[in-house]
Amino acid sequence: MAVLHNSLAFFLLVFLLGFKTAKSESFLGVNYGQVADNLPSPSATAKLLQSTSIEKIRLYGVDPAIIQALANTGIGIVIGTANGDIPALASDPNFAKNWVNTNVLAYYPASNIILINVGNEVLYYGDNNLKTQLLPAMQNIKNALDAVSLGDQIKVSTVHSMTVLAQSEPPSAGIFDPSLADLLKGLLEFNNATSSPFPINPYPFFAYRDDPRPETLSFCLFQSNPGRLDGNTKINYMNMFDAQVDAVRSALDAMGFKNVEIIVAETGWPYKGDSDEVGPGIENAKAYNGNLIAHLRSMVGTPLMPGKSVDTYLFSLYDEDLKPGPGSERAFGLFKPDLTMTYDVGLSKSIQNQAATPQSPVTQTPASPSPKPNGAGRIVPEESTSDAQLQANFDYALVICVCFISLFTSYNS
Ligand SMILES: *[C@@H]1O[C@H](CO)[C@@H](O)[C@H](O)[C@H]1NC(C)=O
């Protein structure tokens, strides 16, 4: 009897493992910032990515070497235009056409470009002139893509910092800054009409920095905590990531854009920082990124968007040693220049399961987005897209099933 059950369990386990390796984790992306003088070669980076479950990479600009190195890997590539190109893109359709010829057609489809971000955090960094030129620039890029019949395959958007929200607590009360409402309405109509995503940069790290209590830290790191109750919805939020993403969801819904998809263009946690910084450290960084990845893999979603994982681009692939600002700005890298892991968060394809148990959402309180996500550095522009992921629930059910069978088996033996 026990033998029979054991082999059954073994069989299922093997099946499950095979399944896991094969499964798509299209929701997992990574940022590739290049403000550094010690980055590995593009081909080494392409190999590294292929050894992980990361399926998408976001560049801040357009770097031919890395785009070419990623050719025929299937890895989704998000590229971006510089903020400085926005005026020309907005005023001159030919400039946009040339931009697409040079930066997209030269590499596509061998290199799987999936999204073009026009500018980066323009509503935060830009002057008024630049802000009003953003939408026309996006439209001209979109027109240029349509002209070569790529408008459906390659989406156009722009990346936002969490500062576009005036309020994020509780999540159900998330609302955009009224002074940006007109601009955002135009951008969101564009996202909605073209089925392009709304990329935003939530950083629980900054929320903790601004409210450095132990319970806030566990809430931010997906660790055991009492949760935070959203009094309007009676949802008890269990982690800051869900709370921040749902605040964005609420803000979009409040403007009538329930169908515009959110993608997390950046999120991360630094593994070291200056002595006066609150929060950086290997343990915290490993907990945040590892638990976030497990949470995404669980496919449980957020309380307001259950059952699917938001496309998330981790920040960042490597440290950027030339970034200005506090020490933490130069310590977000998941991998070192010699391609070893800075700390293990279970991204490696062969061992994909360790780090962290998923933590599901359900419940409660608000979370605050960072006031200004990082001032310093994400210097170069750009953004990303996303796509689908399903399947998760199925994996989850399988895991539970196998646990069950294992239990049953040990009980019988
Ligand atoms: C979003 O797009 C759909 C389909 O094109 C349209 O029917 C709807 O009115 C749009 N929503 C908003 C708020 O513009």
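**Figure 1. Surroundings of E25 in the predicted model.** In this predicted model, E25 touches S53, E55 and R297, when residues up to four places away in sequence are left out of the count. The position of E25 is in the loop that runs between α1 (2-22) and β1 (28-32). One of the contacting residues, S53, is 28 residues from E25 along the chain, and the C-alpha atoms of E25 and S53 are separated by 6.6 Å. E25 has 22 other C-beta atoms within 10 Å and is therefore classed as buried, the threshold for that class being 20 or more.

**Figure 2. The buried and exposed faces of helix α5.** Helix α5 spans residues 93-105, and its buried residues are A96, W99, V100, N103 and V104. When the helix is viewed down its axis, these buried residues of α5 fall within an arc of 100°, so they line one face of the helix. The face turned away from this buried side carries N94, N101 and T102, which are exposed.

**Figure 3. Packing of helix α5 against helix α7.** The axes of α5 and α7 lie 8 Å apart, and the two helices pack at an angle of about 60°. That angle makes α5 oblique to α7, and the crossing in which α5 passes α7 is right-handed. On the α5 side the contact is made by P93, A96, K97, W99 and V100, and on the α7 side by N140, I141, N143, A144 and L145. Sorted by class, the residues in this contact of α5 with α7 comprise 7 nonpolar, 2 polar and 1 charged. A96, W99 and V100, which take part in this contact, are also among the buried residues of α5.

**Figure 4. Packing of helix α7 against helix α8.** The axes of α7 and α8 come within 9 Å of each other and cross at roughly 15°. With that angle, α7 is roughly parallel to α8, because angles under 35 degrees are placed in this category. The crossing of α7 and α8 is left-handed. Helix α7 contributes K131, L134, L135, M138, Q139 and K142 to the contact, while α8 contributes L183, G186, L187, F190 and T194. By class, the contact of α7 with α8 is made up of 6 nonpolar, 3 polar and 2 charged residues.

Figure 5. L184 lies in helix α8, which covers residues 181-194. L184 has 22 C-beta neighbours inside 10 Å and so counts as buried. Leaving aside residues up to four places away in sequence, L184 touches V164 and F176. The distance from L184 to L252, taken from C-alpha to C-alpha, is 9.7 Å, although 68 residues separate these two leucines in sequence.

**Figure 6. The protein chain as a whole, for placing the close-up views.** The secondary structure of the protein chain comprises 13 helices and 14 strands. Of the 413 residues in the protein chain, 48% are buried; E25 and L184 belong to that class. Among the contacts in the protein chain that link residues at least 6 apart in sequence, 78% join residues that are at least 24 apart.

Key. Residues numbered from 1 in each chain as written. Predicted model: local features only at pLDDT ≥ 70, side-chain atom pairs only at ≥ 80, totals over all residues. Helix = DSSP H or I, 4+ residues; strand = E, 2+ residues; numbered from the N terminus. Buried ≥ 20, exposed ≤ 12 C-beta atoms within 10 Å, placed from the backbone. Contact = placed C-beta atoms within 7 Å. Arc of directions from axis to C-beta. Axes fitted to C-alpha atoms, helices over the stretch in contact; angles between N-to-C directions. Parallel < 35°, antiparallel > 145°, perpendicular 65-115°, else oblique. Left-handed = near helix turned anticlockwise from the far one by under 90°. Nonpolar A, V, L, I, M, F, W, Y, C, P; charged D, E, K, R; others polar.
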